[in-house]
Amino acid sequence: MTAIRNVPVLVVGAGPVGVSIANLLGQYGVPTLVIDRSPAVLDFPRAVGLDDEALRTFQAAGLADEMLRDMIQNVPMRMYTARKQCFAEILPSTQEFGWFRRNLFSQPLGEETLRKGLARYPHVALQLGCELVALAQDDQGVDATLRHTDGREERVRCEYLVASDGGRSTVREGLLKLPFEGTTHPHKWVVIECDQDPLDAPYTALHCEPRRPYVCLRLPYGLRRWEFMLFPGEDGEQMLQPEKVHELLRNHVSQPERLNVIRARVYTHNSRVAQSFVNGRVCLAGDAAHITPPWIGQGLNAGMRDAFNLAWKLAWIVKGRMRPELLDSYHEERHAHAQAMIDLADLFGSVLSQRNRFVAWMRDRFFLSIRHLPKVRDYVLQMKFKPMPRFSKGIVLNSGNATQDELVGRMFIQPRVETSSGETRRLDDVIGSRLALLSWRCDPLADAPPELLNQLQRLDCVRLVAVRARSGSEEVARCRSHVKDVEQIQDVENQLHFWFQGRAVDWVLLRPDRFVAAAGSAGSAVDQMAMFCQTVLPSLGTRSVHEAPAALAQGAEALSV
Ligand SMILES: O=C(O)CCc1cccc(O)c1
């Protein structure tokens, strides 16, 4: 009988979300196996947009610079009337989370980079040409049956299984039969990508042309993409024939026959969300959990939010740092936001792809008449319509003080800070993959009982005290705690100064995904931290074997392929 492979986390589906989760788990030291039935990265047009939150996730995985190499940053999106007048432009100037908000990439290249990133971890393995054919869960774990391309079957026992196997997820649909609620939109779209971009249009353009709505985007490395709406009676496959493609492009480029079309595909817009993102020990992520029309470029970004939210929770649970039932917080924190993004994309779609000429004309008149109002312009330009994640339930601690609780459950800013060794770094790079208690010009745990400090150590919590840049030695000495685990940082951009001053709190507790878990005044820190530890930590004695470095080495051995 063949041996059963044991691994804490099995990721099914090696698209960008699954591989990002595996990179994060690699960073957190959790042995992970990623499988995918396809032998290579899929080479057809898919997601194009990556936002600042996604880049922050790549940063946590140590891959932001590598991913940026193949991206165009800070790309505007414009909307045009039927008469080709621009009636709205989106180009946010903020970099509050440390990165530009609108960036375009080419998915096949990005996926290669993410896959290469896995090679950094001896305890993470990627197995291609391998599909999941059965799974059974019990109280302790999941038994998965894998089938390799040569027909060989293998059993893997894992503690948790992540299904990131796409919109037609085998795990969600075929094996667990979980509802995927929402709608499939009636119109199909043809997507065409060519190289040697024939246009000088360095932005995404949504052409709200009732005769045939279309989208035109510039992608990295001189690629140009068009997406055209198809009408009833137009057969998708026929529309991919070269003469039909040329016909679609004829009004937009002078000699479509001379274009080198490198990818073309028909696709349908879907707005669907799985009823639950957590089913026992199986978690759905990315398109397996939610699919959206592309209008606001948020499909993959929603998946990246899943990745960041889920990876640290899985790591904490398998390391025995967090009570397993808190895995449900993944659903509580992600489901409503995924739905809100889809609702916004649907709203964009219904307004922008309007085919009734009179309604389209009214729409154009309306937007053209308000576009110069400063508040409207700012709202659109700065993308203020984008619903930002805000958790009221989940792994967040509300204190009952409305002002403080307003800060909890939101992503924290990411300024650059100077470390005590004089280096200027992005805040997250100083924190690393740890939980962080970040305080402003004080050490709120200076007199904390040793028991609390031990609990925080179990949670691998770093304590950072921020001071004003170039503070006098008195201030520095006042904030330098006698406790050795406190690091001091200087607020060289004054961003922390403005953040803390405007909010009347002295500290924030930042989760590994950079969301604020708790916030408060110096006097309340001991009690609130104690409450957080009590909520999260399992009782002693339940620590998993995967905490020990020796166990990681065993995991690596078991995983080598
Ligand atoms: O965010 C962007 O620049 C692209 C968003 C978008 C809009 C419509 C279709 C599509 O594939 C992407």
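Helix 9, which covers residues 328-352, has 25 residues and reaches 37 Å from its first C-alpha to its last, close to the 36 Å expected at 1.5 Å a residue; the expected span is 1.5 Å times one less than the number of residues. Helices (H or I, at least four residues) and strands (E, at least two) are DSSP runs, numbered from the N terminus. This is a predicted model, in which local features need pLDDT of at least 70 and side-chain atom pairs count only at pLDDT 80 or more, while totals for chains, interfaces and linings use all residues. Residues are numbered from 1 along each chain as its sequence is written, and side-chain values use heavy atoms, with hydrogens and water left out. Helix 9 has a kink of about 30°, centred on Arg334, where the bend at a residue is the angle between axes fitted to the seven residues ending there and the seven starting there.

On the surface, Phe358, Val359, Trp361 and Met362 form a nonpolar patch with about 420 Å² of accessible area together. Such patches are made of residues with over 30% relative accessible area and no salt bridge, like charges being joined within 9 Å and nonpolar side chains (Val, Leu, Ile, Met, Phe, Trp, Tyr) within 5 Å; the areas come from the Shrake-Rupley method with a 1.4 Å probe, and for residues only the protein chains shown count as cover. Trp361 lies in helix 10, residues 357-370, and with a relative accessible area of 45% Trp361 is partly exposed, a class that lies between buried (under 20%) and exposed (over 50%), with a 1.4 Å probe and protein chains only.

An open sheet of three strands runs in the order 3-7-4 with antiparallel pairing. Strand 3 (49-50) and strand 4 (71-72) stand at its edges, each with a single partner strand, so one side of each is left without a neighbour in the sheet. Two strands count as paired if DSSP finds at least two bridges between them, and strand 3 pairs with strand 7 (residues 103-105) in the antiparallel sense over two bridges, with Gly49 standing opposite Leu104 in strand 7.

Another open sheet is formed by eight strands in the order 6-5-13-14-15-12-16-19, with mixed pairing; its edge strands are strand 6 and strand 19 (290-291), each of which pairs on one side only. Strand 5 (residues 77-80) and strand 6 (residues 86-90) run antiparallel and are joined by four bridges, and Met77 stands opposite Ile90 in strand 6. Strand 14 (residues 214-219) and strand 15 (residues 223-229) also run antiparallel, joined by six bridges, and Tyr214 has Phe228 in strand 15 as its bridge partner.

## Positive phi angles in loops

Most residues other than glycine have a negative phi. Strand 5 and strand 6 form a hairpin with five residues between them, and Lys84 in the turn has a positive phi of about 65°, although Lys84 is not a glycine. At 48% relative accessibility, Lys84 counts as partly exposed.

Gln196 likewise has a positive phi, near 50°, and is placed in the loop between strand 12 (180-194) and strand 13 (204-207). With a relative accessible area of 68%, Gln196 is exposed.

## Salt bridges

A salt bridge is taken here as a side-chain nitrogen of Lys or Arg within 4 Å of a carboxyl oxygen of Asp or Glu, and by this rule the count comes to 38. One of them joins the side chains of Asp143 and Arg155 (3.7 Å, N to O). Asp143 lies in strand 10 (residues 142-148) and Arg155 in strand 11 (residues 153-163), so the pair ties together parts that are twelve residues apart in sequence; Arg155 is partly exposed, at 38%. In the salt bridge between Arg211 and Glu209 (3.2 Å, N to O), Arg211 is exposed with a relative accessible area of 53%, whereas Glu209 is buried at 9%.

Arg434 and Glu487 also form a salt bridge, with their closest N and O atoms 3.8 Å apart. This pair links distant parts of the chain, 53 residues apart: Arg434 is in the loop between helix 13 (427-431) and strand 22 (435-440), and Glu487 is in strand 24 (residues 486-491). Arg434 is partly exposed at 24%, and Glu487 is partly exposed at 30%. Elsewhere, salt bridges that share partners join Asp51, Asp52, Glu53, Arg101, Arg305 and Lys386 into one network.
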